[in-house]
Amino acid sequence: MGRAFVYVILGGGVAAGYAALEFAQRGTAPGELCIISEETVAPYERPALSKGFLLPEAPARLPSFHTCVGSNAQRLTPKWYKEQGIELVLGTRVKSADVKRKTLTTAAGETISYKTLIIATGARALKLEEFGVKGSDAENVCYLRNLADATRLVSIMQSFNGGNAVVIGGGYIGMECAAALVTNRIKVTMVFPEPHCMARLFTPKIADFYEAYYESRGVDFIKGTVLSSFENDSDGKVTAVILRDGTRVPTNMVVVGIGIRPNTSLFEGQLSIEKGGIKVNGRMQTSNASVYAVGDVASFPVKLFGSDIRRLEHVDSARKTARHAVSAIFAPEATSDFDYLPFFYSRVFTLSWQFYGENIGDAIHFGDFLAGRFGAYWINKGRIVGAFLEGGNREEYEAIANAVKLKMMAKDEAEVEKLGVEFASKV
Ligand code: FDA
Ligand code: NAD
């Protein structure tokens, strides 16, 4: 027994929401499209979970951040899906897929068939157990990937007054959650293995700025090490984190952000996999012509990088790959290969930065690090390939984005350093 659809989106996250909007705008008929999601709510803007959702005052709550408000587009509530005749199959995990037969089977045993499938399964948070540390299932240890995780994090945060938290990991989740915990008057210690925070993107100089800012807000950093175990009370609650050198950090709660793994497992052995994701072409089409992949789970050719295959873990690429896939499905002739400028951003406390391109080559810093208005260009083979800016305005962010998109020539590094954002404005 089962249902049949023309189009099925597997996964109900950011990419699914933006794909749904594109389907609707292209005139999908009622009953043709179905979205299957393990989550129990309609697609929402996941970035809100580590920002507005964690605020102590007037926190963001659904339905306010359903997609596609993150790009100032329409907010797609469950009512909208109903009006469009788009079937939302929520709280439903797909446990197997057969791309030859074009079927998906849910955990409850239902078979759902499709003519065209869009895989938008995103990623899952890595667990400490995968690094040999036991006990991260304790009731006051949190990961943060979905609404249920965020709801749990908030209730743990509110279960004690003041107190301490240990944040494991110095990446995006670690930095954004540490800031949120501080805003909730919780004293934070961050522990991570690298010599500085945001090691995948920041230079030591950029990281210095943010670490000093966090320290001024009371955050302690323990760098270059990892935890080895948890200490628990008789109820199983974590009371302290024990580091590799034996240091004991007492705590009321722990937040873990140690990276993700794309949810590819349903399709391994059936579709080509590269860079940990499902490999797609410039139309977001996988090695099976009826199957597309978008968002965190997709590895796609980035024209700007000589069509090198990349897998990006950011909301802008989820939104745009999703819309591009639907465009390729509906108007194959009119849709050219995806031409994407990688874009990452973060907002913590009153700070806000944007980054475009890739961080390879020489980093040239500019601006006023003391005043919190600074940035960096990455120059490779005499051209700008990446640009970072903290505290910029819309025109400035547009300028640095353009400089990267156009691979602006930058022969004179001293001039680039001196002109800073103005250099990009010359585009
Ligand atoms: P996403 O994870 O959004 O959705 C995947 C969906 O598939 C989920 O609903 C999941 O339940 C479902 N699913 C998976 N397997 C399934 C199965 N077998 N059956 C049924 N359903 C299944 N990026 C950025 O650029 N700026 C930012 O500020 C932030 N902030 C941020 C905060 C937090 C807390 C997180 C976790 C992530 C971010 N990101 C971000 C990253 C950004 O949110 C991410 O890149 C997108 O959500 C990716 O969108 P996808 O739709 O690919 O996956
Ligand atoms: P991340 O890749 O940004 O950072 C992982 C961090 O884990 C590393 O910086 C490192 O410090 C740490 N780490 C790695 N192995 C460890 C170990 N064994 N023990 C302790 N620490 C270890 O991943 P994340 O911060 O977990 O974020 C998860 C996902 O959410 C990413 O895809 C990220 O892009 C996304 N996200 C993005 C934003 C944003 O773009 N503003 C915000 C939040 C989340």
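**Close-up 1. Residues around ligand 1 in the predicted model.** Glu-39, Arg-46, Lys-51, Arg-145 and Asp-296 come nearest among the 34 residues around ligand 1 (near: a heavy atom within 4 Å). This is a predicted model, in which local features need pLDDT of at least 70, side-chain atom pairs count only at pLDDT 80 or more, and totals for chains, interfaces and linings use all residues. Residues are numbered from 1 along each chain as its sequence is written, ligands are numbered from 1 in the order in which they are written, and side-chain values use heavy atoms, without hydrogens and water. The shell around ligand 1 holds 14 nonpolar, 11 polar and 9 charged residues (nonpolar: Ala, Val, Leu, Ile, Met, Phe, Trp, Tyr, Cys, Pro; charged: Asp, Glu, Lys, Arg; polar: the others, including Gly). At least two residues of this shell come from each of α1 (14-25), α4 (172-183) and α6 (helices: DSSP runs of H or I, at least four residues).

**Close-up 2. Polar contacts of ligand 1.** Oxygen atoms of ligand 1 lie 2.7 Å from a side-chain N or O atom of Arg-145 and 2.8 Å from a polar backbone atom of Ala-15 (polar contact: N or O atoms within 3.5 Å). For a backbone N or O atom of Glu-313, the distance to an oxygen atom of ligand 1 is 3.4 Å. The protein buries 93% of the 990 Å² that ligand 1 exposes when taken alone (Shrake-Rupley method, 1.4 Å probe).

Terms used
A polar contact is a pair of N or O atoms within 3.5 Å; within protein, one must be able to donate a hydrogen and the other to accept it, and residues adjacent in sequence count only if both atoms are side-chain atoms.
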